[in-house]
Amino acid sequence: MATSDAQPTALTGIGVSPGLVAGPVARMAPGIPEPAIETLPAGTDLEAECDRIAAAAQTVKKGLELSAAEAKGDGRTLLETTAQMAADPTLTTSAQAKVRERRLMPARAVWEAAGTLADMLKSLGGYMAERTRDVADVRDRIIAVLTDSPMPGIPRLPEPFVLVAKDLAPADTALLNPEKVVAFITSEGGPTSHTAILARALGMPAIVGTGEQVTDQLSDGDIVLVDGTKGSITLNPSEEALRRARELASRVRVFKGDGATKDGHEVQLLANVGDAAGARSAAEAGAMGVGLFRTEFCFLDQPEEPTIEAQVEAYRGVLEAFPGKKVVVRTLDAGADKPLPFLTDATEANPALGVRAYRTARRDPEVLEHQLQALAKAEAATNAKVWVMAPMISTADEAKAFTDQARAHGLKIAGMMIEVPSAALMADKMFEHADFASIGTNDLTQYVMAADRLLSSLAYLSTGWQPAVLRLIKAACDGAAPHGRPVGVCGEAAADPALAVVLVGLGVASLSMTARALPDVDAVLKSVDLADCKRLAQIAIDSRTAEDARAAVRAELPVLEELGL
């Protein structure tokens with residue numbers, strides 16, 4: 001444990017969720033150790049041992065489902081997905097076979113079966129490879145039940161703490177309580193991982209991808225100052241640094257629904273939502289509308305396509321939260337990190353470049369038809385203004401086909417996502433058909449930098465500050481301008497207050513983000529005028545690297561230090 005006279009030590013990682021907080025370190029307990037290779041004694045009832053494995057899996061499944069019922073939004077979805085993994089017969093039947101055929105102890109059988117399943121998922125790449133973390137989490141939980149060991153997970157301490165871990169399973173992240181866990185630091189992970197996305201949704205400062213050389217220096221009880229904006233960790237911070245952190249934490253900023261620059265240039269500050277509960281929370285936070293309604297949350301973990309009536313009900317819940325306001329609805333973004341058994345092919349060698357999103361309509365056109373019918377019915381039953389867009393539009397022909405189809409269903413405002421570089425480069429042709437566009441910076445960055453956004457070893461490339469990405473955003477805005485079409489941003493870049501200034505300077509008209517980020521982005525935008533935004537945008541796109549762009553822009557925005565951002 002750190003002593004009071006220890007000197008401050010600066011450590012770094014990748015900041016993925018802003019905020020400045022201090023607290024004592026609490027390290028995540030190590031995972032379940034690998035069980036020894038042991039066989040069952042002669043005369044053991046093998047079927048009874050197999051039944052124990054099935055019962056343990058069901059216990060884990062029920063526990064995760066109970067936790068899911070108490071969680072909200074993305075957290076609930078992640079817990080439900082992990083619960084389904086616990087119930088996956090592939091894992092249990094494989095473990096049972098090892099008990100019957102090799103007389104392995106149940107804990108060892110589960111360990112080996114999970115290893116085989118994880119190797120298979122890893123070989124598929126993309127989203128399926130990301131699921132290997134779920135497999136390890138479920139494996140440890142089942143073995144804990146079988147061996148009557150403590151269930152792995154987040155420490156339970158009386159006082160608030162900074163959580164330090166190698167990585168967090170989605171199920172652990174979903175259960176983070178901001179009243180207890182004030183921030184977290186992981187040696188693995190990247191800015192677009194599920195862990196990072198949930199941290200932003202919770203408004204919890206977080207730093208990932210530090211490497212073990214950093215986390216190994218942090219012991220239980222050490223006092224650390226975590227700056228989730230800069231990605232900096234100060235071990236043994238000074239009293240002055242702690243005082244400033246407490247002062248900044250005591251300030252409460254509120255967004256009043258009036259997004260604009262200092263000289264009155266309107267910037268619509270919108271929210272990203274996935275369900276009705278998220279929409280209501282966003283409305284309470286002052287969001288001027290919805291910039292991204294992720295409709296795939298209505299479809300996930302469904303064995304077959306939901307009925308039109310079920311979809312109407314789900315869409316209405318979101319639309320009703322924003323009467324008279326804009327709700328940008330993204331049609332089904334299935335594939336890659338969001339596979340659907342009734343629509344996508346999980347065996348694709350590279351699902352991020354495969355048949356995903358709008359491309360699925362070529363093979364299964366009725367799914368998009370039904371969704372557009374449901375959206376039209378939901379809009380007719382509410383007072384919201386629906387703007388509908390398709391993800392992964394790559395050509396002008398696709399833009400025309402989708403917008404024509406949407407309008408044929410009575411949806412008056414139809415547009416597209418710009419996630420593929422071709423869409424940005426051909427924006428002038430795209431906007432001959434699309435009424436608007438929203439840029440998904442997560443995928444656009446992935447495709448521009450040829451870096452899988454789920455791969456933590458390439459996390460340093462996965463930032464919207466890349467000058468190449470910013471130049472494509474400018475190209476998209478320039479292509480839209482002659483047609484008078486608005487371009488928004490709904491990727492994670494929109495929630496970065498400094499980057500938001502640059503995006504406005506590039507010509508972006510709206511920014512959509514997690515509702516918790518609205519006050520910070522609003523405060524920074526109100527400190528600059530449009531000319532400042534344009535000047536800083538030019539600095540960013542003229543920079544040589546993402547790090548240079550970020551540093552140069554932040555140096556020109558002293559308000560960030562004043563606000564603790």
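Author: In helix 23 (residues 546–555), the buried residues include Ala546, Ala549, Val553 and Arg554, where buried stands for under 20% relative accessible area, exposed for over 50% and partly exposed for what lies in between, with a 1.4 Å probe and protein chains only. This is a predicted model, in which local features need pLDDT of at least 70 and side-chain atom pairs count only at pLDDT 80 or more, while totals for chains, interfaces and linings use all residues. Residues are numbered from 1 along each chain as its sequence is written, and side-chain values use heavy atoms, with hydrogens and water left out. Helices (H or I, at least four residues) and strands (E, at least two) are DSSP runs, numbered from the N terminus.

The buried residues Ala546, Ala549, Val553 and Arg554 cover an arc of only 120° around the axis, so they lie on the same side of helix 23; the arc is taken from the directions that lead from the helix axis to the C-beta atoms. An α-helix has 3.6 residues a turn, so residues three or four places apart point the same way. On the other side of helix 23, Glu547 and Ala555 are exposed. The cover over the buried residues of helix 23 includes helix 19 (467–480), helix 20 (497–506), helix 22 (530–541) and helix 24 (559–563), with contact meaning heavy atoms within 4.5 Å.

Helix 20, one of these covering elements, is itself largely enclosed by the rest of the structure, because ten of its ten residues are buried. Among them are Pro497, Leu499, Val501 and Gly505. Its N-terminal end is capped by Asp496, a side-chain oxygen of which lies 3.0 Å from the backbone nitrogen of Ala498, and just after helix 20, Gly507 takes a positive phi of about 115°.

Elsewhere, Gln446 in helix 18 (residues 441–449) is buried, with a relative accessible area of 9%, and its side chain makes a polar contact of 2.9 Å with that of Asp443. A polar contact is a pair of N or O atoms within 3.5 Å; within protein, one must be able to donate a hydrogen and the other to accept it, and residues adjacent in sequence count only if both atoms are side-chain atoms.

As for the rings, the structure holds two aromatic pairs, for which the centres of Phe, Tyr or Trp rings (for Trp, the six-membered ring) must lie within 6.5 Å, planes under 30 degrees apart counting as stacked, over 60 as edge-to-face and the rest as tilted. Phe293 and Tyr315 are edge-to-face, at 5.9 Å centre to centre with 85° between the planes; Phe293 belongs to strand 10 (residues 289–294) and Tyr315 to helix 12 (residues 308–319), 22 residues apart, and both Phe293 and Tyr315 are buried. The ring centres of Trp387 and Phe436 are 4.9 Å apart and their planes stand at 55°, so this pair is tilted. Trp387 and Phe436 are likewise buried, and the charged end of Lys326 sits over the ring of Trp387, 4.3 Å from its centre, given that a charge counts as over a ring if NZ of Lys or CZ of Arg is within 6 Å of the ring centre and within 35 degrees of the ring normal.
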